[in-house]
Structure formats: C-alpha cells, structure tokens
Amino acid sequence: MIVITAPTGNIGSHLLSRLLRSAPAEEGLRVVVRDPARLPGEVRERVEVITGSHGDPEVVDRAFEGADAVFWLVPPDSSLTPEAAYSGFTRPAAQALAAHGVGHVVGVSALGRGTPVADRAGLVTAYLAMDDLIASTGVAHRALACPSFFENLLEEADSIRENGVFTDLVAADRKAPMVAVADIAAAAAALLLDRSWTGAGSVPVLGPRDLSPADLARIMTEQLGRPVRYERQSYDDLYSALVGHGLDAAFVQGIVDMKRAKDDGLDAGVPRTDESSSPTTFEQWCVQVLKPAVLT
C-alpha cells in the first residue's frame with residue numbers, strides 16, 4: 001500500500017497518474033485529500049480515498065494504517081511561520097509513521113543541505129528540519145532535493161503575456177539548476193515502487209542543465225515568439241508586496257531569506273551527475289506548458 005499526500009497538486013497529480021499507469025496490480029494506492037471532488041472520477045474509482053488534511057492526527061492515523069510507503073508533500077501555508085508550516089504540520093504524521101511501522105517515506109524537499117547558507121535559508125531551512133523530523137522516526141527516508149521549479153513561472157504568465165516581463169530576486173547571470181515537476185514525480189514513483197533502499201538520505205533532482213534568468217528570458221523569447229525580459233526585484237519590494245497581500249510576516253521573511261540564499265549559491269552544493277540530472281528541458285516545458293498558459 002502506497003499513500004499519496006497532496007494528490008491534486010502539481011507534483012502529486014503527476015505522481016498519482018504515473019503510479020496508476022505503472023504500479024503492479026497488487027500495489028494498493030491510497031490518497032489523502034481535503035476535497036475528493038477534485039480527483040477525476042476515473043481516479044476515485046481506482047484508489048482508496050481518505051478525506052481530510054494530512055496535518056490532522058486522526059487523518060494520518062487512518063491513512064497510514066497498513067501502509068508500506070508514503071509520499072509526503074507539505075502544501076505551503078503562508079499564514080504560519082516556516083517552522084509551523086513544515087515541521088509543525090508534519091509532527092502528527094511523524095507520530096503516525098512510527099505508530100504504524102511504515103517502512104518507507106519519499107518526501108519533497110530542497111537543495112542546500114551541507115552548504116554554508118543552509119542554516120539561514122528561510123523556507124529551505126524549514127524544509128531540512130522537516131526532513132530531519134521524518135528521519136528521526138526510524139523510517140527509511142528519501143528527501144527529493146529539488147531546486148526551483150519551471151512551474152513557478154506560471155505565476156508570471158499574466159506579466160509575460162501583457163508586459164513581456166518576469167521577475168525574481170537573483171542576479172540575471174546567476175546560473176542554477178531548475179526542474180519540471182513531472183521529473184520530480186518520476187523520481188518519486190521510482191523510489192516508491194522499488195523499496196529496496198534503507199536508511200535516510202537525499203536524492204537530488206536537478207533538471208538537465210543549470211540556467212540563469214537571462215537564459216530563461218532568451219529561451220522564452222525563442223519559444224513564445226515574442227520578447228521576454230527579466231527584471232530583478234529588490235528584497236524589500238518583495239517583502240512589502242507579500243506582507244501587503246496578508247501573508248504571515250515570518251513566512252514572508254522565510255521566502256526572502258530563501259531567495260537571498262539561492263543568490264548566494266544555496267542550490268550549487270550538489271555536483272551534477274547523470275543520476276541527478278532529469279530529462280525535461282526548459283525548451284520542452286515552454287512549448288508544452290508555458291506557451292498554452294501565455295498565449296491562450
């Protein structure tokens with residue numbers, strides 16, 4: 001039995017679809033979802049559904065009973081502090097993992113462990129503490145250590161369409177890994193289906209190559225057939241804008257600290273190898289995902 005949290009999110013929906021296609025018949029699939037209606041009807045017919053939040057002790061107690069493996073993803077809650085949003089949310093699950101003797105957990109996390117900026121990286125620091133909490137239960141644990149997602153640019157689709165501009169806080173020439181969420185889901189599926197691994201560790205998923213904002217602008221210009229440029233936003237402007245939208249001030253500071261750490265090389269601590277590189281190129285993603293969002 002594999003339990004999938006956040007099955008309607010970007011990564012979870014890709015993972016669930018992949019497992020429905022590739023999991024052997026004897027492998028049961030159970031999902032934890034707040035609103036089962038968000039699952040397609042054909043999916044609901046093929047999985048066991050536990051309704052509720054996977055931050056709820058009673059929900060995870062039911063969900064993890066008889067489970068062999070769990071896919072763990074915490075949806076960010078910008079109304080909380082980073083510690084509460086990640087480790088606080090995960091504590092009931094950690095207790096349930098131990099209580100039910102779950103064997104394996106695959107979680108979505110971030111790059112940066114072992115780097116000089118890991119302890120001052122805002123949300124990433126909170127992610128890494130959450131990983132340590134899960135590992136402390138004694139479960140076999142793999143944290144998918146991910147850089148920024150291509151999909152983050154979908155938040156800029158309106159600005160790209162209307163103004164030909166996208167923003168971030170890093171230097172225009174700062175190259176860093178980036179990854180498609182479909183590749184993260186593929187890495188998770190492989191680990192969940194082959195549970196021969198033991199102990200705790202991380203699995204980097206780095207995308208095919210490092211890219212800078214200038215690279216992204218050039219590729220988007222080529223693939224969208226319209227000029228796209230990058231504008232670097234200031235840390236103060238981002239902080240003021242997000243607090244002005246009602247986000248928790250500590251959570252916003254966590255975002256700013258994470259962005260600052262990325263500009264200081266947070267994502268550069270893992271050497272790229274064939275094993276850590278994933279296949280989806282930014283060019284492919286632009287054609288398949290960004291172009292329809294911007295041009296339709």
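## Nonpolar cores

Val3, Phe64, Val70, Trp72 and Tyr86 touch the most other members of the largest nonpolar core, which has 43 residues. A core here is a set of buried Ala, Val, Leu, Ile, Met, Phe, Trp, Tyr and Cys residues joined through side-chain atoms within 4.5 Å. Buried means under 20% relative accessible area (1.4 Å probe, protein chains only). H5 (123-135) gives the most to this core, with seven residues. A second, separate core of 32 residues includes Leu20, Ala69, Ile184 and Ala185.

The model is predicted: local features need pLDDT of at least 70, side-chain atom pairs count only at pLDDT 80 or more, and totals for chains, interfaces and linings use all residues. Side-chain values use heavy atoms, without hydrogens and water, and numbering starts from 1 along each chain as its sequence is written.

## Sheet

Seven strands form an open, parallel sheet, ordered E3-E2-E1-E4-E5-E6-E10. Strands (E, at least two residues) and helices (H or I, at least four) are DSSP runs, numbered from the N terminus. Pairing requires at least two DSSP bridges between two strands. E3 (48-51) and E10 (200-204) are the edge strands. Four bridges join E4 to E5. Val70 has Val105 in E5 as its bridge partner.

## Helix packing

The axes of H3 (57-64) and H4 (82-100) come within 9 Å and cross at roughly 35 degrees. Axes are lines fitted to C-alpha atoms, for helices over the stretch in contact; angles run from 0 to 180 degrees between N-to-C directions. Contact means heavy atoms within 4.5 Å. Pro57, Val60, Asp61 and Phe64 in H3 meet Pro92, Ala93, Ala96, Leu97 and His100 in H4.

How values were computed: Buried < 20%, exposed > 50% of the residue type's maximum accessible area, 1.4 Å probe, protein only.
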